[in-house]
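Please keep the sequence and the coordinates open while reading.

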Amino acid sequence: MSTSESEQHTQGTRRPQLREPDRMRSLLDAVMSLGHGLELPQVLRGIVEAAVTLTDAEYGALGVVGDGRTLSEFLHVGMADELTARIGRTPCGRGILGELISHPAPLRLTDLSRHPHSYGFPAHHPPMRTFLGVPVRVRDEVFGNLYLTEKRGGGAFTEDDEAVLTTLSIAAGVAIDNARMYHESRRRERWLEALGEITRSLLSGTDAGEVLRLIAERAMEVASADHAAVLLPTAPASSASTASPERLTVDVVHGQGLGLAEGMAVPSEGSLSGLAARTGRPVASSDVRTDPRAYPLDGTEVRDVCGPGVAVPLQIDAGASGALLLSRLAGRPPFDETEVKLISGFADQAAIALELAERRAESEELTVLHDRDRIARDLHDLAIQRLFATGMTLQSATRLIDRPEAAERVGRAVNDLDTTIRIIRSTIFGLRTTGDATGAPSLRRDMAEAAGAAGRTLGFAPALRIEGPVDTNVPGELAEQVLAVTAEALSNAARHAHARRVDVELTVDGHVTLTVTDDGVGGAADGGRHTGGLANMRSRAELHGGGLTVESPASASGGTRIVWRVPLPV
């Protein structure tokens, strides 16, 4: 077989020459056989084998034309595997093979070495003289070329051989087109199966992070990629903004050697993923190692691993996009146009599924908030009113009690009811606070976290009591002051008071009142060991028009009570 560099073929056994009627029958059989094939590799091999048999050639090959008008694949018949291995790499399309690529028309030579574009043969290549080549067209596209060399019996290829091979090439084009369409339908079926799995996973309540990982895995499988990553906006843009984020964060990585790690920040400028997220269009690269648009990969080993890549936008929000990034190993074929379209459609459907899951989560959250509001309303309208009425009844009955100790017990019961009412009111405010559910700032939640953090230093958990609308009526700047004073007071109790009990009470009415009481050695008269902390708390109160008092509670166990009080802003 002709040419260019390593024109390799495979050596076979001698076949009897076909008579003309037998050859026409064999041609019809070959055409019918090609029409039955659906897997492209089998179809291509069948084409070459039929061509060798019909023209009585010693060697045959089919070269698939790829990008840059070179051969991306080279399938040969007629040479032993051992000889093929000795010859080395397959041809890329120089010499006479390149001539047929540049001028896709039948070419018949009695001595290919005399052709001006003959490139010669590599070492260990068997001698070849006669040559016949025809293009294989799929619709209007030149798919590749059929090459035959060494007519058996020492003669040259005839016009009849050329006519038979041309006819076979037409049938081959139809068979290749059918195989392509079959492959395309199978690929689309796999895409739909993957999308169905992702949608079912989302609708069944699977965590969004797990769904993103599933998207990466299935996209890598159906696109025949070696690596996959999902990148999300580092700081989601507001719904009113369409500006892209400056950086993307790698949320999921699947496959080895991509050079990206989960949690890694990738700049929006200077990366395929960022370009896809900014423009809203897919971006493909035949080799990310040399593409200036690709984010620089870390490490020589990684750079040698990655080759073709594609990034498609993944719409996360009305104003923010992430990207789905797929890549293949170096040396593998790039993602073709059909694959890029399928990957883009896959990402679009995945984004829709994610949005549906987000809306479902919001609906569930709204249901929870409605339930909390109903419970708060019932507690206020039913429980508090009944407790208040019971307390009033007991208080009015106190005048009718003759024994002082009985009157005292009833009075304590009334006080307990008042305390219970305050606790329920505090619970009602907590139920009506949306900070915990929505991720918005919540002073009530932050106070609980501050108490929990202090418990690790104190060795026990301080008692925390909150009354009033702390999350709705206390502005953010004042809430920060309250948290700072709470942390300072608890720190003083841990470092200086050696307390066994600490009570923290935050009350919001017309004022914000923070009371921290401990049963320690006493801080009001401790020689000023933590006067710096007290001065800091006092200055924070005075900054908002309030004040600070430090006193010893009327208790046999001693201790310190710190009262920090500031008015609510009008």
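Helix α14, which runs over residues 476-497 of this predicted model, is made of 22 residues and spans 30 Å between its first and last C-alpha atoms, a distance close to the 32 Å expected at 1.5 Å a residue. The residue that follows α14 is H498, and its phi is positive, near 50°.

| Residue | Relative accessible area | Class |
|---|---|---|
| T130 | 2% | buried |
| A261 | 42% | partly exposed |
| H227 | 1% | buried |

T130 is placed in the loop that joins β3 (107-109) to β4 (131-138). With a relative accessible area of 2%, T130 counts as buried because this value is under the 20% limit for that class. Which backbone atoms does the side chain of T130 reach? One is the backbone nitrogen of E150, at 3.1 Å, and another is the backbone nitrogen of K151, which lies 3.0 Å from a polar atom of the T130 side chain. When residues up to four places away in sequence are left aside, T130 touches L109, T110 and L112, then L148, T149, E150 and K151, and also G155, A156 and F157.

A261 also belongs to a loop, here the one between β7 (247-254) and β8 (265-267). The relative accessibility of A261 is 42%, and A261 is therefore partly exposed, since the value falls between the 20% and 50% limits. Leaving out residues up to four places away in sequence, A261 touches V250 and V253. The C-alpha atom of A261 is separated by 8.5 Å from that of D251, and these two residues are 10 residues apart along the chain.

H227, in contrast to the loop residues, is found in a strand, β6, which covers residues 227-233. H227 is buried, with a relative accessible area of 1%, and its side chain makes a polar contact of 2.8 Å with the side chain of S327.

**The chain as a whole**

These elements belong to a chain with 15 helices and 16 strands. Of the 570 residues in the chain, 44% are buried. Among contacts in the chain with a separation of 6 or more, residues 24 or more positions apart account for 65%. The chain exposes about 28,900 Å², and carbon and sulfur atoms supply 53% of that area.

Methods
Residues are numbered from 1 along each chain as its sequence is written. This is a predicted model: local features need pLDDT of at least 70, side-chain atom pairs count only at pLDDT 80 or more; totals for chains, interfaces and linings use all residues. Side-chain values use heavy atoms; hydrogens and water are left out. Helices (H or I, at least four residues) and strands (E, at least two) are DSSP runs, numbered from the N terminus. The expected span of a helix is 1.5 Å times one less than its number of residues. Buried means under 20% relative accessible area, exposed over 50%, partly exposed in between (1.4 Å probe, protein chains only). A polar contact is a pair of N or O atoms within 3.5 Å; within protein, one must be able to donate a hydrogen and the other to accept it, and residues adjacent in sequence count only if both atoms are side-chain atoms. Contact means heavy atoms within 4.5 Å. Accessible areas come from the Shrake-Rupley method with a 1.4 Å probe; for residues, only the protein chains shown count as cover.
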